Amino acid sequence: MKKRLALTLTASLLFPTVAAMQAAPKHVEVQTVSFNGMSAPKTVEEMSKAYSNATIDVKYTDGTMKTLPLRYEKFFKSTDTFDRDGKRISAGTPIDAKGNPIMDHSVPNDPVPFISDSPDANSLLEPLNGASGKLHLVSHYEYQTVDNSGSSAYGRVPASMTLSTLQQDKKSGKLTVAGVEKVDFSETKGLWIPCNGSLSPWNTHLGSEEYEPDARIFEQEQGTNKDSTNVKSFANYYFGEEGAKMANPYWYGFVPEVIVHPNGKAKAVKHYSTGRFSKELMKMMPDSKTAYFGDDGSYTMMFMYIADKAKDLSSGTLYAAKFNQTGTENGGSGDLSWIELGHATDKEIEQYIVDGIAFSDIFETSKEPKAGFTTIKTYANKQNVEYLKVKPGMEKAAAFLETRRYAATLGATSEFNKMEGLALNTADKKVYMAIADQGKGMEVNPNDPQDDIRLPKIKSGVTYELDLQASQKDHSGNKIKSGYVATSMKGIVVGEDMEKSDKYGNTAHPEKVANPDNLSYSDEMKTLFIGEDSGMHTNNYVWAYDTESKKLSRILSVPAGAEATGLMAADDRNGFSYILSNYQHPGDGLEGKSITAVNKAMLIETIDREIGVNKSGDVGYITGLPSFTNKLHPSKK
């Protein structure tokens with residue numbers, strides 16, 4: 001329960017006295033809010049859909065109380081079609097470098113457009129030019145789970161984003177889709193596995209490119225038919241006949257920024273100075289210069305970027321964290337210090353790629369320990385130990401094209417596992433970080449080259465809180481030019497693994513968060529929203545965590561087998577508030593679950609009939625929240 005920003009409510013002049021007519025307007029605040037969670041789904045009907053029947057209690061400073069029901073509203077499925085140049089195209093269909101739909105030829109004589117089943121990040125932009133009746137939404141389509149033949153298509157097919165134009169009802173706040181357009185990434189050589197994303201303080205969308213292709217393995221497979229990195233397949237789909245020439249892993253693993261102009265048209269740029277690693281998310285701090293990232297995968301790292309200029313990501317300095325463990329309670333805790341990797345501009349790093357740089361231009365390698373070489377273990381090279389030495393004069397290329405490998409050679413901690421979403425609590429100077437699966441490198445590993453992290457295995461994951469401080473120095477004793485430097489981290493929301501599955505197929509406690517992924521923080525509600533990407537919960541959920549009372553409330557359930565994605569709390573859009581939330585790959589993995597509480601076959605059949613197992617996903621939002629700027633219209637959308 002907590003204080004809220006002021007709401008203005010003009011008092012009615014019930015008695016036409018001089019005193020009343022001269023009285024100042026009465027100001028009413030949202031004093032406290034508290035979410036009332038919903039029960040976990042129990043029937044086939046509930047388990048096969050996205051829904052909310054949670055509520056939120058709102059108390060105003062004039063003493064009035066309201067309990068508002070929450071519900072889930074769908075914008076569209078990824079399979080829904082929209083007009084594009086006189087032709088219909090599905091929202092989830094990727095386009096190639098020429099703007100044409102990318103076709104799936106996996107079934108002979110039956111070419112069909114690919115359609116992603118994996119909507120992910122959302123950025124609901126602030127109104128452009130102060131326009132009150134129209135909003136814009138940028139959404140990711142992360143990957144294609146299977147092709148038309150049923151074979152895995154993960155990572156082989158270029159990904160995409162859409163820009164949706166939304167109409168907002170001025171009285172109710174209800175959002176409806178007025179149009180959907182595909183975002184053009186031809187100037188950035190396409191888009192690689194865009195996972196989570198965020199809205200920048202200057203009202204642009206910051207995307208991601210997850211699981212960057214390994215340039216060392218790509219170079220080893222040159223001249224063969226092997227394509228374990230998927231770069232060749234990606235390039236052939238995106239560039240067509242030019243694919244073989246354009247295939248280069250170093251184009252991918254960066255932050256794409258989508259700028260929506262006042263005329264509603266989008267432009268995509270890619271920021272090479274942010275370093276190259278498995279970008280889950282880039283989250284900006286209030287100075288519009290400092291940023292933190294999720295680095296997804298196993299044996300990954302924590303990075304901080306400080307731009308040279310506010311609201312400009314074209315040049316900056318990159319740092320990697322050193323973790324010094326201080327405890328194992330409640331997930332774990334540790335202090336953080338920072339190693340500077342280098343400074344670069346987008347143009348400098350892009351030029352390396354244009355010039356055709358390869359892994360062997362950057363590093364010397366050895367098959368065994370050798371004088372002058374550093375022994376490392378990172379996400380790269382399939383998490384196998386490597387013996388590396390940076391070639392003379394190639395430090396900058398190493399820092400920004402082989403960021404994780406280079407940082408590991410300098411001693412930064414490379415043991416994080418499944419580092420996912422981030423969120424910012426501005427008032428308290430906290431960053432929240434999701435570790436979806438606390439295992440592998442984060443456990444005790446005395447035989448690894450490095451063993452900084454020695455925390456208990458918690459497969460269902462931990463959400464951490466990072467403290468931000470000013471006046472910090474890096475490992476070389478140089479001042480870090482930011483007032484938002486993370487100096488420590490501790491677990492605050494911890495999952496609970498179960499020894500065996502329950503009758504619904506859950507292997508993690510159903511009343512606790514399992515495998516946190518998407519995070520979003522509401523400054524107005526003092527609430528951290530947590531979305532799951534869990535194989536340990538049969539149905540994934542979105543949770544509301546009150547950072548003051550520590551109350552945890554389930555507020556959304558998505559279809560069984562689906563992941564809750566696209567989480568974004570938008571506190572004020574023309575006087576109305578929303579929680580954006582999508583889901584992807586419904587029905588995935590259900591065959592292998594031990595479900596006895598309901599008829600599993602009927603559950604799978606219902607999802608396949610209503611949505612499509614691994615065929616579609618929804619883009620939508622939770623509605624029913626209070627307005628933080630207009631009490632007369634408490635967002636009853």
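Trainee: What share of the contacts in the chain with a separation of 6 or more comes from residues 24 or more positions apart?

Mentor: They account for 64% of those contacts, a contact being heavy atoms within 4.5 Å. Keep in mind that this is a predicted model, where local features need pLDDT of at least 70, side-chain atom pairs count only at pLDDT 80 or more, and totals for chains, interfaces and linings use all residues. Residues are numbered from 1 along each chain as its sequence is written, and side-chain values use heavy atoms, with hydrogens and water left out.

Trainee: Why is Arg 573 called buried?

Mentor: Buried means under 20% relative accessible area, exposed over 50%, and partly exposed in between (1.4 Å probe, protein chains only). Arg 573 has 4%, so Arg 573 is buried.

Trainee: And what makes Glu 126 partly exposed?

Mentor: Its relative accessibility is 35%, so Glu 126 falls in the partly exposed class.

Trainee: How do you know that Glu 126 forms a salt bridge with Arg 573?

Mentor: The term asks for a side-chain nitrogen of Lys or Arg within 4 Å of a carboxyl oxygen of Asp or Glu. Here the closest N and O atoms are 3.2 Å apart. The pair links distant parts of the chain, 447 residues apart.

Trainee: What about Arg 554 and Glu 511, which meet in a salt bridge?

Mentor: Their N to O distance is 3.3 Å. Arg 554 has 3% relative accessible area, so Arg 554 is buried, whereas Glu 511, at 46%, counts as partly exposed.

Trainee: How many salt bridges does the structure hold?

Mentor: The structure holds 29.

Terms used: Helices (H or I, at least four residues) and strands (E, at least two) are DSSP runs, numbered from the N terminus.
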